[in-house]
Amino acid sequence: MDILCIGDSLTYGYGVRRAETWCALASALTGHSFINRGVNGATTGEMAEQELAGDALFVMGGLNNLFMGMPVSVPLSDIRGICEKARSRGIPPTVGIPMQISADVSEGWCEGPVDMDIVRASYAEFAEALLRQCEKDGVAAVDFRPHIGPEFLSYDGIHLNRQGHERMAQIMAAHWGRR
């Protein structure tokens, strides 16, 4: 099975080698092909512009939208649109419910003035609303919040470390199973 994975740096694998990304590791664990189309810094609007192909779709994003000060409704609407587009092409979508960013992330990490307390609160609100939206729309979801804690995040408190990619690959393998 070819599973197209679109997202931001959490999918791309910021900070790790290509062979260490959760997409590469999940491919090795399952025998499926997790095609990594993550783009560092991508917003959900940019993700919506990607061509969709494959036997299944996995999409996860939204944090970059919130860093830019967009309301939660924007990534929710974009992800719903991506899922509808996939379904219209006969590609079953699965949405990733992202893990929370660390309490240690500083505003200095971001470009421009960003109130990290507001971003964290918006991200938590977004994750809950996204899960409800998936349930309402009948879209499969993989909730990473109970499984990916601070110990799986890199020094910046946002991106996955190597162990985080391994953990995420295990979760994805459990969701999709082995070929």
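Phe 126 is buried, with a relative accessible area of 0%, where buried means under 20% relative accessible area, exposed over 50% and partly exposed in between, for a 1.4 Å probe and protein chains only. This is a predicted model, in which local features need pLDDT of at least 70 and side-chain atom pairs count only at pLDDT 80 or more, while totals for chains, interfaces and linings use all residues. Residues are numbered from 1 along each chain as its sequence is written, and side-chain values use heavy atoms, with hydrogens and water left out.

**Helix α6**

- Tyr 123 is also buried, with a relative accessible area of 3%, and both Tyr 123 and Phe 126 lie in helix α6 (residues 116–137), 3 residues apart, or about one turn of the helix. Helices (H or I, at least four residues) and strands (E, at least two) are DSSP runs, numbered from the N terminus.

**Aromatic pairs**

- The structure holds 6 aromatic pairs; rings of Phe, Tyr and Trp (its six-membered ring) pair if their centres lie within 6.5 Å, and planes under 30 degrees apart count as stacked, over 60 as edge-to-face and the rest as tilted.
- Phe 34 and Trp 176 form an edge-to-face pair, at 5.6 Å centre to centre and with 85° between the planes.
- That pair links distant parts of the chain, since Phe 34 belongs to strand β2 (residues 33–38) and Trp 176 to helix α7 (residues 162–176), 142 residues apart.
- Both Phe 34 and Trp 176 are buried.
- The ring centres of Tyr 123 and Phe 126 are 6.4 Å apart and their planes lie at 15°, so this pair is stacked.
- Ring pairs also link Trp 22, Phe 34, Phe 58, Phe 144 and Trp 176 into a cluster.

- Strand β4 (residues 93–97) is mostly covered, with 5 of its 5 residues buried.
- Pro 93, Val 95 and Ile 97 point one way from β4, whereas Thr 94 and Gly 96 point the other way. In a regular strand the side chains alternate between the two faces of the sheet.
- Strand β3 (residues 56–60) pairs with β4 in the parallel sense over 3 bridges, two strands being paired if DSSP finds at least two bridges between them.
- Strand β5 (residues 140–143) likewise pairs with β4 in the parallel sense, over 4 bridges.
- Val 95 of β4 is the bridge partner of Val 59, and the bridge partner of Val 95 in β5 is Ala 141.
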